[in-house]
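Please look through the sequence and the structure shown here before reading on.

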Amino acid sequence: MLIGATQRWPFKKKEKVAMNVSLFITCFNDTLFPQAGRATVELLERLGQTVDFPEEQTCCGQMHYNTGYQREALPLIRRFVQIFRGAEIVVAPSASCVGMVRDAYPRAAAEAGDEKLAAEVAALVPRVYELTEFLVQRLGLEDVGAYFPHRVTYHPTCHSLRVLHVGDAPLRLLRAVRGIDLVELPAAEECCGFGGTFALKNADTSMAMLSDKLRNILDTRAEVCAASDNSCLMHIGGALHRQRAGVRTLHIAEILASTEGRSFV
Amino acid sequence: MSVIIPPPQRRKPLPTFQASAKEALADTQLRRNLYKATHTIRAKRAQVVGEMPDWQELREAGRALKERVLRHLDTYLLQLEEAVQRAGGQVHWARDAQEANAIVTQIVTEHEAREVIKVKSLTTDEIHLNQALATHGISAVETDLAELIIQLAGESSSHILVPAIHKNRSEIRELFLRTLEVDNLTDNPRELANAARLHLRRKFLSTPVAISGANFAVAETGTVCVVESEGNGRMCVTLPRVLISVMGIEKVIPAWQDLEVFLQLLPRSSTGERMNPYTSLWTGVREGDGPQEFHLVLLDNGRTRVLADTVGRQTLNCIRCSACLNICPVYERVGGHAYNSVYPGPIGAILTPQLLGVENASSLPYASSLCGACYEVCPVKINIPEVLLYLRGRVVDYKQHHNALLNRVNPESVAMKLMARTFASRQLYEQAQKMAQLGQLPFRHGGVIDTLPGPLGRWTAMRDLSPVPRQSFRDWWRARQTTREGMNEATHQPSAETGKEGQL
Amino acid sequence: MSAASTAREEMLRRIRAALSDVPTGEQPEEVVVARDYRHSEAVNHEEVVERFAERVAEYKVDVQRVEEAALAQAVAATCASHSVRRLVIPVDIPEFWLLPDVEPLRDENTLTYEQLDTSDGVLTGCALGIAQTGTIILDGGRHQGRRVITLLPDYHLCVVYEDQIVNLVPEAIARLDDAVHHYRRPVTFISGPSATSDIELNRVEGVHGPRTLNVLVVRRASRSHP
């Protein structure tokens, strides 16, 4: 039972909502997991959205900000706000990066004593969505026409649970996928131990936390472990692979984008 | 301001969390004990909090009351002092640990006592009161079962609520056989508790001076409150002639009515009960009932420094329930000793660096994956992740300014500055992506990155890393744009590459 | 200036300096405290009494409900079943609570710690009961005596009248206002017998306080003295 898993949003009627979506790919998806980005684009276009990609984007500054380099993060924050200022909607396949924008950007602007930035952040924040939030809350969808005949378990990342409060939106999307064998992850809401630079600075503790997460994933006998954050999946998947566990990790976008003709596995 | 509020004392920095955690993680008995304890208490807490439809409203009231008190702390402390004095008690002010210890020692010495009985009090641990009394030939007998265990074992507490959480029953049995006057003893918890009871009853009935802490002190009425389970608190605050309570200045609450909030928040958050067995509330001195002399020692010891910090100030909301410890995935695995401070767990990670100075506890703000579970359970809504991030900034600041030369060659600092510059420019960023695509080659084996240089090696020591794809997302996007511009949109094909790259 | 007043003055100075962000002239009451938690519930009193009895019993306390006319009988029977003969009582315990078989040790703040420690048990009334948490509250008032008498004996028999039971914690705190504010009486909340969870988190009953707690919930006869 996920914390906060309540029916959060009133359901819109099935009228087609078509928006101009600016994709916020995130630096590590761009560089290490372009598949998740491709899947996001294909999925949104299939759902009738128009997607553009502001090429000036690089990084939201989360790594710097969370490691204590808030001063170095500030120019990156300004840059991000500038780049996405004119967007109708911003969607990212990353709960942690959206969390950074929603949670930390207002604080960073206040810490810098920059009222202009604070106002721009305030104007931007309501338009920034994590992918599953966007699908369920803005588009009012649960069934996105996906087909993925595999046994899947879902890990709700800490940012999606406790910062964004996406609730059970990702699970509702997954349940509607045709052919899927969705199995609940035991102790799902426990942290996987990634925590950004925590995985390096406190590598032993990080691994100790991961070892329990892995055990729970393996107990489900799932073929695929999915999540809304490739950062956590990198950590989980990296260990699964090292152990030759025979379980792979996929971003939820890749599952939702899969159809009969096009699989991301 | 810095002239009025003294900076942290120069001291030897604490051992790093990383080093202590590594040791703790390898202790299988500790891991087992911690797992059992934290999971048991989590379930209990969830159960009794789940019963409360107004839990969130209580949390908000708790937070707001603390905000009110802290913003007007001088007013409330003066009101408390007056009320306690009016009721026949005495109030002492202690700027730091040494001063507090001197005050307590003086009172004990005046009564010619060589032994005192104590109720568990983190505050007295913080100031090392027992050691200070010992140097004057006064022995302080701990009367909480767990504190007794710790004292007999010569160790230090590892949890603010269940200090002996790191010991199991057979370890305790062995300890009692060694140190108490008992001949045989099983490891049955009831028998162990009974052995402790008999040992301590003698002390309760004969010791003239007791020392306690205080969970709350009501400014309006001068009432002091001690919340407990075993009854040793009641013994200590009722039987002796003289009672001394040492209290951090942040423990004051405005009015008697406000207890209706805190006495609901505390038991459910700490022991996961609707109400703890015993709560004692007394006001000054009462003829014919209880101690005839009462001393309240108000302790600063760095709290005014925390108070002065508008971000850190919320740390003083803490009512020492330990809910954050019990829910924390880090604490669950490393235990309290890894934090090397009186206050462990998430609250310790933010309180200790503020009390001691970030330069003396610089690894503690990083002892967290920022999962946020602590904030969710904190009954007084301390935004622990927010304070952790803030303290990380102070640690980096400190390193940059006080250790500027050393910092220039610190690999993390160098890397962070470099990456910040890279991210600030699209061209540099795209160049860095290309470099990563090339640079990975020596580290790539069998289609995966399994070694990395330097500090990054900590990743590959225990995990593989998916290789950097030849085509980044933006490469793909641009190729697609180009294709689309050259073709009719309806006939565009998805990329030929399937799932060979990406997540492992 | 003595060292003591120096410390006091300096701490107050530090606090004021620390609070330089608080506007001068801001009153404490201006910091808004929303008290949106429950202060009462729409529930009839019989349910409240039942809930009290249930929740006290959950702490492994023996709870009996009796009519006032049968109180002395119940006291005697309960004492007998626990082999309690020498029973400590506050001086103002009503005579009609006791049958002759019990040997009362009346405490006019006269009993020594040894006498209390070696007695068989203690009988008191209480100030209040809280149903929500299964709590008995003593405030040193009528029928309760001083604190030590419910602390040293190993057995405590507590009489709780139904009309002394409130539902929620805020109701109890409100009712204690007078006792604390004006009379400065010491208050003790008792929720079950003494317990510890210090050994592997196994809750073990009975460390220092009375290891056995019995409660009689009494329905007042109409037209009797409360």
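In this predicted model, His128(B) sits in the loop that links helix H6 (122-126) to helix H7 (129-134) of chain B, where helices (H or I, at least four residues) and strands (E, at least two) are DSSP runs numbered from the N terminus. Residues are numbered from 1 along each chain as its sequence is written, chains are lettered from A and ligands numbered from 1 in the order in which they are written. Local features need pLDDT of at least 70 and side-chain atom pairs count only at pLDDT 80 or more, while totals for chains, interfaces and linings use all residues, and side-chain values use heavy atoms, with hydrogens and water left out.

- Most residues other than glycine have a negative phi.
- Lys60(C), which is not a glycine either, has a positive phi of about 65° and lies in the loop between helix H2 (45-57) and strand S1 (62-67) of chain C.
- With a relative accessibility of 63%, Lys60(C) counts as exposed.

**A buried glutamate in chain B**

- Glu332(B) belongs to helix H15 (residues 331-334) of chain B, and its relative accessibility of 3% is why it counts as buried.
- When neighbours within four places in sequence are set aside, Glu332(B) is in contact with Leu34(B), Tyr35(B), Thr38(B), His39(B) and Arg42(B), contact meaning heavy atoms within 4.5 Å.

**Chain A as a whole**

- Chain A contains 13 helices and 8 strands.
- Its radius of gyration, taken over C-alpha atoms, is 18 Å, close to the 18 Å from the globule rule (2.2 Å times the number of residues to the power 0.38) for 265 residues, so chain A is as compact as a globular protein of that length.
- Along the principal axes, the C-alpha atoms of chain A fill a box of roughly 50 × 50 × 35 Å.
- Buried residues make up 66% of the 265 residues in chain A, and among its contacts with a separation of 6 or more, 81% come from residues 24 or more positions apart.

**Helix H7 of chain A**

- Helix H7 (residues 131-138) of chain A is mostly covered, with 6 of its 8 residues buried, namely Leu131(A), Thr132(A), Glu133(A), Phe134(A), Leu135(A) and Val136(A).
- After H7(A) comes Gly140(A), which has a positive phi near 65°.

**How the chains meet**

- Of the 2 pairs of chains in contact, chains B and C share the most contacts, whereas no contact joins chain A and chain C, whose closest C-alpha atoms lie 15 Å apart.
- The contact between chains B and C takes 101 residues from chain B and 82 residues from chain C.
- Chain B and chain C bury about 8200 Å² between them, with 57% of that on carbon and sulfur atoms; buried area is the accessible area (1.4 Å probe) that two parts lose on being put together, summed over both.
- Arg95(B), Arg197(B) and Trp256(B) supply 9% of the area that chain B buries against chain C, more than any other three residues.

Notes. Buried means under 20% relative accessible area, exposed over 50%, partly exposed in between (1.4 Å probe, protein chains only).
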